[in-house]
Amino acid sequence: MNNSPYESIRGWTHLASGKVRDLYAPADLSAHLGRDAILIVASDRISAFDHVLPTVIPEKGKILTAMTLWWFKQLADVTENHFVSVDVPKAVEGRAMIADRLQMVPVECVVRGYLAGSGLAEYRETGSVCGVKLPDGLIEGDQLPEPIFTPAAKARIGEHDENISFSEVEERVGKETARQLRDISIDLYTKARDIAAERGIILADTKFEFGNRMQPGETDLVLGDEILTPDSSRFWEISTYKPGQSQPSLDKQYIRDWLTSPASGWDKVGPPPELPADVVAKTQERYIFAFERLTGQTWKH
């Protein structure tokens, strides 16, 4: 939970707030035909290094919601998702969806197709990522021989997600569920990677989250949360891609870079600083560019 104030929405009861999302349950189940539904509202908050920043990115919630809904349609033949409708209260229109309520699996399903970020750091130290041995001699930004499943244990806000091995996933959720998580995640990544490539975008890595519907006896894994957005993925333009260096990105890496630069004056110990107006504007530009390039739609402000 974080201390960000959540909105009061008529007909919905606030359940919880994550780093960037607020969750609500219907005050009257009969309004949803008794369905165990949940309202997911994407705020304009942004997080980095496991901190919620004090500055928002205007329209970010709408961009993330629109991208997630678009990707749900593209990937519907790979696995089912929790989306129900966008028949949401007017106050949160455009940045919220009604979804099936899920019992979430406590594993972040990260898939990497390229070597970057924490995966690069771990490879340099051990020659592997989350227990997956990689070829010698890889450099920053290299494409991997094949996508790899590099799961993480989801941490509480303010704490770091912990990379874990596949065997640890098996211990946490069982061998069969672990195998399903890995196989579905890689299938989702592979199809999304190919769709993005057709549009001039490299999907370097991404994360998925899954859950089970709350009905008794329901065991099928359902794709939940947001998917394939600049918040949860690393996007690079094919036209500027060059292994051996940090790639210009279309995601929140721009904010991470500023936070770790001398200009921010932040040492990652105390609360993060406010973002300058130009960093906010350039981050929003990247999110809109990613949306427009991937979906082929023009962003309507």
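These questions and answers walk through a predicted model, its sheet and its aromatic rings. Residues are numbered from 1 along each chain as its sequence is written, and side-chain values use heavy atoms, without hydrogens and water. Local features need pLDDT of at least 70, side-chain atom pairs count only at pLDDT 80 or more, and totals for chains, interfaces and linings use all residues.

Student: In what order do the five strands of the open sheet lie?
Tutor: Strands here are DSSP runs (E, at least two residues; helices are H or I, at least four), numbered from the N terminus. Two strands pair if DSSP finds at least two bridges between them. The pairing is antiparallel, and the order is 1-2-3-7-6.

Student: Which are the edge strands?
Tutor: An edge strand pairs on one side only. That holds for strand 1 (12-17) and strand 6 (83-85).

Student: What is the bridge partner of T13 in strand 2?
Tutor: Strand 1 and strand 2 (residues 21-26) run antiparallel, joined by five bridges. The partner of T13 is A25.

Student: What angle does helix 1 make with strand 7?
Tutor: Helix 1 (residues 60-74) packs on the sheet, touching strand 2, strand 3 (37-42), strand 6 and strand 7 (96-100). Contact means heavy atoms within 4.5 Å. Axes are lines fitted to C-alpha atoms, for helices over the stretch in contact, and angles run from 0 to 180 degrees between N-to-C directions. The angle with strand 7 is about 45°.

Student: How is the aromatic pair of F49 and W266 arranged?
Tutor: Rings of Phe, Tyr and Trp (its six-membered ring) pair if their centres lie within 6.5 Å; planes under 30 degrees apart count as stacked, over 60 as edge-to-face and the rest as tilted. F49 and W266 are 6.3 Å apart, centre to centre, with 50° between the planes. The pair is therefore tilted.

Student: Is F49 buried, partly exposed or exposed?
Tutor: Buried means under 20% relative accessible area, exposed over 50%, partly exposed in between (1.4 Å probe, protein chains only). F49 has 24% relative accessibility, so F49 counts as partly exposed.

Student: Which residue lies over the face of F49?
Tutor: A charge sits over a ring if NZ of Lys or CZ of Arg is within 6 Å of the ring centre and within 35 degrees of the ring normal. At 4.1 Å from the ring centre of F49 lies K268.

Student: What is the relative accessible area of W71?
Tutor: W71 forms an edge-to-face pair with W70, 4.9 Å centre to centre and 80° between the planes. W70 is buried, at 10%. W71 is buried too, at 0%.
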